[in-house]
Structure formats: structure tokens, C-alpha cells
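Keep the viewer open as you read.

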Amino acid sequence: WIADLARKSALFAHRRMEVVPTGVDTDLFAPKDRIHARARLGIPADKHIILFGAASATDPRKGFSHLQHALRILAQRPDAHNIMLVTFGRFAEAIDALPLPSIHIGQIDDDDTLANAYSAADLVVVPSQEDNLPNVALEAIACGVPVVGFDVCGMNEIIRHQWNGYLADTLDAEKLAGGMAWVLGDEARRMQLKENARTWAAERFNLKTQAERYYDLCSQLAGKP
């Protein structure tokens with residue numbers, strides 16, 4: 001996405017472009033036992049868990065207002081009593097008026113706890129209106145959790161629609177709700193999404209691949225084999 005913007009700019013349009021995707025530690029961010037992860041964080045074992053995390057829920061780029069609207073739609077479903085939202089970040093007051101049962105687990109400052117939070121979820125929702133390659137989405141798929149978000153910016157580099165998650169094609173809360181319902185609605189399908197998510201992260205977004213691509217590029221630019 002950023003490379004495409006650069007190609008359209010007056011300053012960079014005629015420059016060489018190389019894209020090296022951001023990597024995550026796929027040994028640290030890896031699937032963990034869901035029951036253990038939920039017990040550790042005080043999350044009910046018998047609910048469908050939607051996870052949302054952000055530094056701030058008031059930043060309009062993060063799309064929390066779209067998520068609120070989407071949750072109101074999900075709350076009208078017959079199976080709404082089985083759905084719970086879990087949030088993390090530097091906010092708590094924003095979840096007080098949500099239409100579904102919610103737990104705020106606070107700001108997470110260590111990666112092991114964060115990996116457990118992802119692993120406890122059935123899906124991670126990233127309703128950003130503008131983002132390049134958000135860490136939450138990258139870390140979630142590395143933990144084998146499908147991601148639901150809008151088809152904006154760099155999200156389609158992380159989410160392959162209906163393969164490892166769900167991309168809503170417009171900034172429409174109804175479509176975001178539909179994507180979450182689609183992921184939650186079929187256990188066998190969700191298990192396949194989880195497997196695909198982990199595979200995609202391990203192949204494309206691991207740190208070793210990122211380092212190798214930087215090394216190859218720098219070697220090439222330096223004129224060395």
C-alpha cells in the first residue's frame with residue numbers, strides 16, 4: 001500500500017521500489033492452548049470470543065465506532081448470548097455501553113501474555129479505517145487466529161478473504177458484523193481459517209524471511225553476491 005502511494009507521488013514516482021513485509025517472532029507469537037489461555041486471563045471457556053486491541057479507542061483511524069455499530073448488529077442474532085468481546089489497551093471506559101458482554105483485560109506489556117490473549121480468541125477484529133500492516137493483525141494470524149477487518153490500506157496483504165479471515169469490502173459496519181458472524185458460524189470452517197492463518201504468517205511474515213530479504217537487497221545494492 002505504501003509502495004503504491006509512493007509510485008503516485010511526485011517525489012518517488014521514478015524511483016525503484018522494494019517491499020519487505022514487516023516480520024513478527026513466529027516462535028513467540030504461536031498458537032497456544034485455548035483453554036489454558038482463557039483460564040490465565042479470566043475469559044469464559046464456553047463463549048465465542050471476539051478480541052479487539054488498540055492503544056486508544058478514541059483514535060478515529062482505529063475504527064472503534066464501526067465496531068460498536070457492528071456489535072449492535074451481532075447483538076440481534078439468536079446466538080448473541082454465546083458471544084463476548086474481550087478488549088485490551090489503554091482504555092476501559094469505551095466498553096461500558098457496548099451491547100454485548102465485554103471484558104477489558106487492560107494494557108498488555110509482555111508478549112507472552114499478548115500471545116495468550118490472541119490464542120484465547122475465536123477471531124480478532126481490526127476495524128481500522130487506515131493502517132498499513134497493523135501489528136495486532138500480524139501477531140494474531142501468527143497465533144493462528146483469523147482476522148476480520150476492512151479491505152483498506154495494507155490489510156489485504158495480511159488477510160486473504162475467506163481463507164485466513166474476512167475482508168469487508170467497504171467501511172460498512174453491517175459487512176463487518178457479517179464477517180464476524182461468518183467466522184463464528186461454523187466450527188470446522190473456523191478451524192481451517194486458523195490453520196491457514198498460521199501458515200500464512202509463518203511463510204510470509206516471519207523474522208528470518210524479513211532479515212534475508214534485507215540482506216539480499218543490501219548485498220545487491222553494495223554490488224556483492
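A residue counts as buried here when its relative accessible area is under 20%, as exposed when that area is over 50%, and as partly exposed in between. Keep in mind that this is a predicted model.

With that cut-off in hand, look at β2 (83-89). Seven of its seven residues are buried, so the strand is mostly covered by that cut-off. Both of its faces are covered: I83, L85, T87 and G89 sit on one side, while M84, V86 and F88 sit on the other.

What does β2 pair with? One partner is β1, which runs parallel to β2 and is joined to it by seven bridges. Within that pairing, I49 stands opposite M84. To get from β1 to β2, the chain passes through helix α3 (residues 64-74), and this β-α-β crossover is right-handed. Strand β3 (residues 102-104) also pairs with β2 in the parallel sense, over three bridges, and here V86 faces I103.

The largest pocket holds about 440 Å³. Its lining takes in 24 residues, and G53, A54, A55, F88 and V136 are the closest to its centre. By class, the lining has 12 nonpolar, five polar and seven charged residues.

The second largest pocket comes to about 230 Å³. I2, A3, E18, V19 and V20 lie nearest its centre, out of 14 lining residues, and helix α1 (residues 2-7) gives the most, with four.

R34 and D122 meet at 2.7 Å, N to O. Because R34 lies in helix α2 (residues 34-41) and D122 in the loop between α4 and β4, the pair ties together parts 88 residues apart in sequence. Buried or partly exposed: which is D122? D122 is buried, with a relative accessible area of 2%, whereas R34 is partly exposed at 29%. Both belong to a salt-bridge network that also links R38, E187 and R190.

How values were computed: Residues are numbered from 1 along each chain as its sequence is written. This is a predicted model: local features need pLDDT of at least 70, side-chain atom pairs count only at pLDDT 80 or more; totals for chains, interfaces and linings use all residues. Side-chain values use heavy atoms; hydrogens and water are left out. On a 1 Å grid over the protein atoms alone, a cavity is a set of points where a 1.4 Å probe fits but cannot get out, and a pocket is an open set with protein on both sides within 12 Å along at least five of seven lines; lining residues have an atom within 4 Å of a point. Grid points are joined across faces, edges and corners, and a volume is the space filled by probe spheres set on the points. Helices (H or I, at least four residues) and strands (E, at least two) are DSSP runs, numbered from the N terminus. Ala, Val, Leu, Ile, Met, Phe, Trp, Tyr, Cys and Pro count as nonpolar, Asp, Glu, Lys and Arg as charged, and the others, Gly among them, as polar. Buried means under 20% relative accessible area, exposed over 50%, partly exposed in between (1.4 Å probe, protein chains only). Two strands pair if DSSP finds at least two bridges between them. A crossover is right-handed if, with the strands pointing away from the viewer, the path from the first strand over the helix to the second runs clockwise. A salt bridge is a side-chain nitrogen of Lys or Arg within 4 Å of a carboxyl oxygen of Asp or Glu.
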